[in-house]
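Hi there,

Here is the structure I promised to pass on to you. Have a look at it first, and then read on for what I found.

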Amino acid sequence: MYLLIVFLPLLGTLFAGLFGYKIGSYGATRITVLCITLTFLLSCFAFFEVALAGSPCYIEFFKWFDSELLSFSWGFLFDTLTVVMLVVVTSISMCVHLYSTEYMSQDPHIQRFMAYLSLFTFFMIMLVTADNFFQLFLGWEGVGLCSYLLVNFWFGRLQANKAAIKAMVVNRIGDIGLAIGIFLIYYIYRTIDYSTVFALTPLFQNYTINFFGFELNAVNLICIFFFIAATGKSAQIGLHTWLPDAMEGPTPVSALIHAATMVTAGVFLIVRCSPIFEYAPTALMIVTISGAMTAFMAATIGLVQNDLKRVIAYSTCSQLGYMMVACGTSGYAVGMFHLTNHAFFKALLFLSAGSIIHALADEQDMRKMGGLLNLLPFTYSMMLIGSLSLMGFPFLTGFYSKDLILEWTFSQYSINGLFGYWLGAISAFFTAFYSLRVICLTFLRKPSVSKTILLSVHDAPLRMGAPLLFLSFFSIFIGFFF
């Protein structure tokens with residue numbers, strides 16, 4: 001069962017990618033959706049067994065590298081952190097796959113699109129189930145490659161080319177950070193297995209290393225390089241520029257990148273390496289300050305954007321800052337809780353935005369919308385639920401984790417904690433402001449849409465509506481359940 005979780009999305013990719021011309025768009029969409037739905041159901045079983053019944057699972061698949069001192073297996077580790085990520089990744093991927101069958105139905109290359117989506121999911125599952133740093137690096141590079149392929153899906157558009165190359169180049173910087181971090185871990189620990197490294201870390205907390213002529217604490221240095229890697233993937237301040245430009249890809253891609261796969265990888269890396277970070281106070285301080293600045297900066301930029309998808313993209317950037325602040329103040333469980341909750345309402349917001357764009361003949365400028373409340377009542381309801389959850393409206397999903405992060409940082413009684421708290425609280429105000437601005441400009445004010453488009457406006461059809469309904473349920477209740 002556990003191996004099926006990993007390899008079913010790859011099976012869907014192979015069918016849609018290699019035999020897409022034979023089975024046609026109908027066959028490719030059905031097979032990929034079936035594979036990803038089965039993966040989601042198996043992930044739920046794994047979640048029950050591992051997280052609720054308390055029986056983690058480790059599978060050693062086969063020996064991968066065996067060269068003198070360097071020896072590690074191709075292994076899969078299913079602990080609580082892994083299964084939580086699996087449920088998040090597979091559920092949102094399932095929604096995006098189903099949504100794409102309708103959203104991309106007129107595209108002649110839908111087989112290639114579905115193959116890329118499944119491959120993206122496969123690499124993310126590889127990343128979260130890895131039991132050593134090298135295997136994590138494989139998944140890390142894989143999601144970077146798939147983001148390039150998906151953002152550049154409509155490769156005839158110059159802007160899509162530019163956005164995909166920018167995402168690839170900016171992520172290279174983070175990837176170099178991860179590579180150097182892994183080299184340092186091997187140099188100091190002589191192994192790259194999680195379990196061994198985490199167990200040995202207390203012995204190396206005072207170990208120094210000569211780095212470019214400076215005597216530096218080795219554990220702090222490793223964690224700083226891992227944070228550089230997370231900064232690239234999770235779009236923290238300095239390396240955030242690729243995230244809004246990634247909007248050039250089709251809307252389902254934006255939902256998958258922003259909610260479940262690529263941008264959560266950086267936060268996952270820090271949570272996974274929390275036994276190392278706990279012995280690196282300098283690195284934790286950098287994580288907190290950078291996260292707080294990212295949350296504030298992205299929220300202020302989101303206030304003045306006019307492109308519907310860009311506003312939601314900057315809100316992702318801001319929320320990732322919150323998660324980093326939680327991790328930087330040693331609240332890894334709190335950060336992970338917000339990551340899980342955020343995934344559902346962010347996917348709901350992106351797919352609702354896709355429904356609006358689909359209805360308005362691919363118009364994304366909010367200044368050219370308005371008056372859609374009576375024309376798209378279902379989409380309006382979904383967008384409202386997503387926006388309220390994002391704001392942290394009481395008793396919706398976002399409320400439970402967002403307020404918990406602010407409480408947690410305030411209760412630290414440290415400079416870092418207070419810095420994170422105040423910038424987080426101000427960012428929360430800005431988030432509420434731009435979320436309401438999106439609702440007002442799109443649905444509530446007088447229409448600025450041309451009459452020809454207004455006459456053909458239609459609400460989300462069944463295959464686009466069903467994923468929205470599924471996500472809205474989670475956006476209301478999952479925070480309370482957990």
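S355 is buried, with a relative accessibility of 2% (buried means under 20% relative accessible area, exposed over 50%, and partly exposed in between, with a 1.4 Å probe and protein chains only). This serine belongs to helix α15, residues 332-359 (helices are DSSP runs of H or I with at least four residues, strands are runs of E with at least two, and both are numbered from the N terminus). Beyond its neighbours within four places in sequence, S355 is in contact with Y99, T379, A460 and M464, where contact means heavy atoms within 4.5 Å.

A word on the background before you go further: this is a predicted model, in which local features need pLDDT of at least 70 and side-chain atom pairs count only at pLDDT 80 or more, while totals for chains, interfaces and linings use all residues. Residues are numbered from 1 along each chain as its sequence is written, and side-chain values use heavy atoms, with hydrogens and water left out.

Next, the salt bridges. The structure holds eight of them, a salt bridge being a side-chain nitrogen of Lys or Arg within 4 Å of a carboxyl oxygen of Asp or Glu.

R272 is buried, at 6% relative accessible area.

Another links E141 with R172, at 3.2 Å from N to O. Here two helices are involved: E141 sits in α5 (133-151) and R172 in α6 (158-189), so the parts tied together are 31 residues apart in sequence.

R310 is in helix α14 (308-328) and D245 in helix α9 (242-245), so the pair ties together parts 65 residues apart in sequence. R310 is partly exposed, with a relative accessible area of 23%, whereas D245 is buried at 18%. Which residues do salt bridges with shared partners join into one network? They are E141, R172, D175 and K233.

F212 has a phi near 55 degrees, a positive value in a residue other than glycine. You will find F212 in the loop between β3 (208-211) and β4 (214-217), and at 72% relative accessibility this residue is exposed. F211 has F214 in β4 as its bridge partner, and the hairpin has two residues between its strands.

F395 also has a positive phi, about 75 degrees, although it is not a glycine. The place to look for F395 is the loop between α16 (377-391) and α17 (397-410). F395 is exposed, with a relative accessible area of 60%.

Happy exploring, and do write back with any questions!

Best wishes

How values were computed:
Two strands pair if DSSP finds at least two bridges between them.
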